[in-house]
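Welcome, and please open your viewer. We will go from stop to stop, with something to select at each one.

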Amino acid sequence: MSEHVDVLIVGAGLSGIGAAHHIQDAFPNRSYTVLEARDAIGGTWDLFRYPGVRSDSDMHTLGYRFRPWTEAAAIADGPSILRYVRDTAAEAGIDRRIRYGHRVIGASWCSDEARWTVCAEHDGTMVTLTCGFLYVCGGYYRYDRGYTPEFEGMDEFRGRTVHPQHWPEDLDCTGRRVVVIGSGATAVTLVPALAKTAARVTMLQRSPTYIMSVPTEDALANRLRSLLGPRPAYTVTRWKNVAVGTLIYQLSRRRPDLMRGFIRKQNVAQLPADYAVDIHFNPSYGPWDQRLCLVPDADLFRAIRSGTAQVVTDRIERFTERGLRLASGTELEADIVVTATGLDLLALGGIDFEIDGRPAALADTMAYKGMMLAGFPNFAFTIGYTNASWTLKADLVGEFVCRVLRHMDAHGYDHCVPEPDGAVAARPLLDFQAGYVLRALDRFPKAGSRAPWRLGMNYAQDVLTLRHGRIEDGTMRFTRSAIHGKQLR
């Protein structure tokens, strides 16, 4: 006999702990379990241990809506975020509902029984659970490996090569020459952190990225907290930051030349006089075609000004014994090369799905409101915004799942499934030009050409749709199974 729970959550990271909190708060008597493939709470924030690891979003929006962020730093370091997630789980007793070392392999839906059968690998054996609702919060990248391109001559390099996703505990960069390959959020975090002790740090980029400086501390948030208290101040700051972020994004999309000029002007002011800004910090694409990188208190620019870090824009021809030979003919000598070259995406944890005995390929289905799948009954997943904090969307998904479950309870339903009509054309799920996204889009569900199948990237609009919009919207179908006695309680 398999153990049965009402709701089964996959993943105990930022999203999974938030999902569990929403379910537990809305349905105190409903049973739920969290399956976590690794041996700890925290997901990304437990996995990444590279120097300087931090958020690239402010914690007033990356934090949970239901639990205010109260520390002074708005751009927080990794250990602080991990502590926040774990404290959230411990205070609500969610940590007692987590089963560690359970990697979900497959999930099969049976319409007659209105339940999922979920298989997980644990200590080399298969464990089976059933549930009425399956809620996947495992993120969208592989935890066991990052992405590293095939560079010629890597085996000839006499130094050490590491990927930030698997930073060795014994790696000491003090007094060493370090080359960081990449120009995304991880690279711009690593470079100033390593520059504090390394002999020289070089950020080697194939092409520039848009980078803006933001204050580590949000002065208004800290002032409001002292005047209003944590929760009211958090709400006001959260909406203030949502508004600012939305304004920057919309201006970037509608007035790209204006934003390009604004960002360039800020960069010029923070870099040495006569610095080659247009070579190293002026991308060929428009602002927010890829994610805009934030650096707290201009730490990257300060490292460049001090001479402890440099940026080189060139293509890698090959690794050599002593470092890297570039297309320009320059050779960068290095003791350590860090390949901050991106993520390897994995759709919904790589779970193999079946619907009523038939394999269900994720790439053949379509995402409803960016959180459920056509043809997948009693199922939800969390993928956050690409243009704003992940948790803004994760919280809304949790609230919507609870609304759906309440609706099912009120009307005696035990099936819910979104179904598109033939007029919806398929679109990529993530309308984002980053290389790590483009490499994997064909393995992900599709989005649609119109609502509610189009993945929204506007938090305020999603608040109206997911928190207050109609549940029975003509697309979501609710039914009762033949054996209605096994419906969700």
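**Stop 1: helix 11 and helix 13**

Begin by selecting helix 11 and helix 13, where helix 11 passes helix 13 in a left-handed crossing. Keep in mind throughout the tour that what you see is a predicted model. Helix 11 covers residues 390-411 and helix 13 covers residues 459-468. Their axes lie 9 Å apart and the packing angle is about 15°. Angles under 35 degrees count as roughly parallel, so helix 11 is roughly parallel to helix 13.

Now show the side chains where the two helices touch. On helix 11, select Leu392, Lys393, Leu396, Glu399, Phe400 and Arg403. On helix 13, their counterparts in the contact are Tyr459, Asp462, Val463, Thr465, Leu466, Arg467 and His468. If you colour the contact of helix 11 with helix 13 by class, you will find six nonpolar, two polar and five charged residues.

**Stop 2**

Which kind of peptide bond joins alanine 451 and proline 452? The bond is cis, with omega at about 0°.

**Stop 3: helix 6 and helix 7**

Next, select residues 219-228 for helix 6 and residues 230-254 for helix 7. The axes of these two helices come within 7 Å and cross at roughly 150°. Angles over 145 degrees count as roughly antiparallel, and helix 6 and helix 7 are therefore roughly antiparallel to each other. The crossing of helix 6 with helix 7 is right-handed.

To see the contact, show Leu220, Ala221, Leu224, Arg225 and Leu228 on helix 6. Sorted by class, the contact of helix 6 with helix 7 holds eight nonpolar residues, one polar residue and two charged ones.

**Stop 4**

Switch to a cartoon view and look for an open sheet whose five strands come in the order 7-16-8-9-12. The pairing in this sheet is parallel. Which strands are at the edges? They are strand 7 (160-162) and strand 12 (309-313), each of which pairs on one side only. Neighbouring strands of this sheet are turned by 20° against each other on average, ignoring direction.

Zoom in on strand 8 (residues 177-181) and strand 16 (residues 336-339), a parallel pair joined by four bridges. Within this pair, select valine 179 and its bridge partner in strand 16, valine 337.

**Stop 5**

Another open sheet has three strands, in the order 13-14-15, and here the pairing is antiparallel. Strand 13 (316-319) and strand 15 (331-333) are the edge strands, each pairing on one side only. On average, neighbours in this sheet are turned by 25° against each other, with direction ignored.

Select strand 13 together with strand 14 (residues 323-326), and you have two antiparallel strands joined by three bridges. Arginine 318 has arginine 325 of strand 14 as its bridge partner.

**Stop 6: strand 4 and its partners**

Select residues 103-110 for strand 4 and residues 115-122 for strand 5; the two run antiparallel, with seven bridges between them. Valine 104 has its bridge partner in strand 5 at alanine 120. Four residues lie between the strands of this hairpin, and alanine 114 takes a positive phi near 55°.

Strand 4 is also joined to strand 17 (residues 352-355), by four bridges, and these two run parallel. Look for tryptophan 109, which stands opposite isoleucine 355 in strand 17.

**Stop 7**

Finish at aspartate 297, in the loop between strand 11 (293-296) and helix 10 (299-306). Although aspartate 297 is not a glycine, its phi is positive, at about 50°.

Note on methods: Residues are numbered from 1 along each chain as its sequence is written. This is a predicted model: local features need pLDDT of at least 70, side-chain atom pairs count only at pLDDT 80 or more; totals for chains, interfaces and linings use all residues. Side-chain values use heavy atoms; hydrogens and water are left out. Axes are lines fitted to C-alpha atoms, for helices over the stretch in contact, and angles run from 0 to 180 degrees between N-to-C directions. Angles under 35 degrees count as roughly parallel, over 145 as roughly antiparallel, 65 to 115 as roughly perpendicular and the rest as oblique. A crossing is left-handed if the near helix is turned anticlockwise from the far one by less than a right angle, and right-handed if clockwise. Contact means heavy atoms within 4.5 Å. Ala, Val, Leu, Ile, Met, Phe, Trp, Tyr, Cys and Pro count as nonpolar, Asp, Glu, Lys and Arg as charged, and the others, Gly among them, as polar. Two strands pair if DSSP finds at least two bridges between them.
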